[in-house]
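Let's take a friendly walk through this model, from a helix to its charged side chains. Keep the structure open as you read.

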Amino acid sequence: MAWVLKMDEVIESGLAHDFDASLSGIGQELGAGAYSMSDVLALPIFKQEDSSLPPDNDTKHPPFQYVMCAATSPAVKLQDETLTYLNQGQSYEIRLLDNRKMGDMPEISGKMVKSIIRVVFHDRRLQYTEHQQLEGWKWNRPGDRLLDLDIPMSVGVIDIKTNPSQLNAVEFLWDPGKRTSAFIQVHCISTEFTPRKHGGEKGVPFRIQVDTFKQAENGDYTDHLHSASCQIKVFKPKGADRKQKTDREKMEKRTAHEKEKYQPSYDTTILTECSPWPDTPTTFVNSSPTPTPSFTSTPHSTYSVPDSNSSSPNHQGDGIPQASGEQLHSSASIQETQQWLLKHRFSSYTRLFSNFSGADLLKLTREDLVQICGPADGIRLYNALKSRSVRPRLTIYVCQEQSRSLQLEGQHDSGSGDGRNGAIYVYHAIYLEEMAASEITRKLALVFNIPLHQINQVYRQGPTGIHILVSDQMIQNFEDESCFLVTTIKAENGEGFHIILK
């Protein structure tokens, strides 16, 4: 019996060894390129088998799929996103496919949906300086668009719209139940946004993104359904073909082990799901006479707020600046931070800082802000956050005279700040920017809580006690940090006051 069990074990081990050996050669006859298990599972036969199985998670099933008819690069590692090379100005088909299962989203069956196609920057650094980059491109290429739709070649798209101030986006309506193909043309090339050095510039990658929306109850296409994008690089005409050939030749020289680390090249590019573009989708309306600074397909109301906007809760229409609204505090909420940006003429960056509180914004260094907003706006925003005020042209100190009995004493020792009886005079600093009589009148009224309309004249007491009318020229000849005692007397007609500087 023991001998029989021993023979069984020998037979089983031999069969296992033969089975392993028979599997060891699988894939060696498939050519020079080795295949990973993920590639094998991606074959159509396995996809068909998977489709017959019950889905594990229906919530992950996308309603649409977008496929661009352009080959992916073979020189992309497995863990990286696919990269597709395009020729400048060449028309490329993007197929918009209905990927819904039976019974999914019945509310859009037989109805139109809206899609917006954009070309945007892939690098975060360029996204931060998007406005400056695109303004420079428009200056060098007047009248051109970054993205166009080849209408004669496109199929199934209607109501096509482009905005002259939004050169990177097109939108259209289409029926998911019918064949739909949009042919796009990208006119900007990747090296146009790289620093000019000694030749051989490395082009920056872009993204092609498609956002699809259904019609809301109000009739606008604002309900988001699906978004997907892919990474691209754009070359001069025929440059993409040469780059694809170069990458293919480089991969052929690699060993089989090295090739396992790279993705195979596919004839088409499937756009992968992503977050929707952050702007609220609306119909193209050029509601502002100035182009929106952000490179989006739909102008947002935030960007059209004029620089003179002063509708913050702290604003008062008295012409006197409110110090409480000038400085951003770390306790400021996201909404208060947005209002502060608008008030200080940073409306171009409200979308970029849409999730920043006061504390988040104050943590950014000068270098961070320069990189995000560019040199000009970055330095201006840094100075505004740090409340760096401009030095006033003239500073004077004023003190209200306490009583008639101290008037003569105050005249003799106004420069010392205290009278002979030991009384202490408390002075207020007045900072003058305009160097005008009207400015000092306004600020004296504010300091001493006197209604502005009740001040008739402001005088300066001169030699022998004469009263000299304060004029713009007199203020311009004041010595910096001069000290004055201020007294008020009733006007001759009994209406209002005169202010005398001693």
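## Helix 10 and its buried side

Helix 10 spans residues 366-373, and Leu 369, Ile 372 and Cys 373 are buried in it. Buried here means under 20% relative accessible area, exposed means over 50%, and partly exposed lies in between (1.4 Å probe, protein chains only). The three residues sit on the same side of helix 10 because they cover an arc of only 75 degrees around the axis; that arc is taken from the directions from the helix axis to the C-beta atoms. Just after helix 10 comes Gly 374, with a positive phi of about 90 degrees.

Helices (H or I, at least four residues) and strands (E, at least two) are DSSP runs, numbered from the N terminus.

## About the model

This is a predicted model, in which local features need pLDDT of at least 70 and side-chain atom pairs count only at pLDDT 80 or more, while totals for chains, interfaces and linings use all residues. Residues are numbered from 1 along each chain as its sequence is written, and side-chain values use heavy atoms, with hydrogens and water left out.

## Salt bridges

How many salt bridges does a search of the whole structure find? There are 11, each being a side-chain nitrogen of Lys or Arg within 4 Å of a carboxyl oxygen of Asp or Glu.

One of them joins Arg 118 and Asp 211, at 2.6 Å from N to O. This pair links distant parts of the chain, with Arg 118 in strand 4 and Asp 211 in strand 9, 93 residues apart. Arg 118 is buried at 2% relative accessibility, and Asp 211 is buried too, at 0%.

Glu 107 pairs with Lys 214, their closest N and O atoms being 3.1 Å apart. Glu 107 is in the loop between strand 3 (91-98) and strand 4 (113-121), whereas Lys 214 is in strand 9 (residues 206-215), 107 residues apart. Glu 107 counts as partly exposed, at 37% relative accessibility.

In helix 6, Asp 247 and Lys 243 are 4 residues apart, so about one helical turn separates them. They form a salt bridge with closest N and O atoms 3.5 Å apart. Asp 247 is buried at 3% relative accessibility, whereas Lys 243 is partly exposed at 28%.

Lys 250 also lies in helix 6 (residues 239-252). On the surface, Lys 250 gathers with Lys 77, Lys 253, Arg 254 and Lys 261 in a patch of positive charge. Such patches are made of residues with over 30% relative accessible area and no salt bridge, like charges being joined within 9 Å.

Methods: Patches are made of residues with over 30% relative accessible area and no salt bridge: like charges are joined within 9 Å, nonpolar side chains (Val, Leu, Ile, Met, Phe, Trp, Tyr) within 5 Å. Accessible areas come from the Shrake-Rupley method with a 1.4 Å probe; for residues, only the protein chains shown count as cover. Lys and Arg count as positive and Asp and Glu as negative; His and the chain ends are not counted. The place of a charge is taken as NZ of Lys, CZ of Arg, CG of Asp or CD of Glu.
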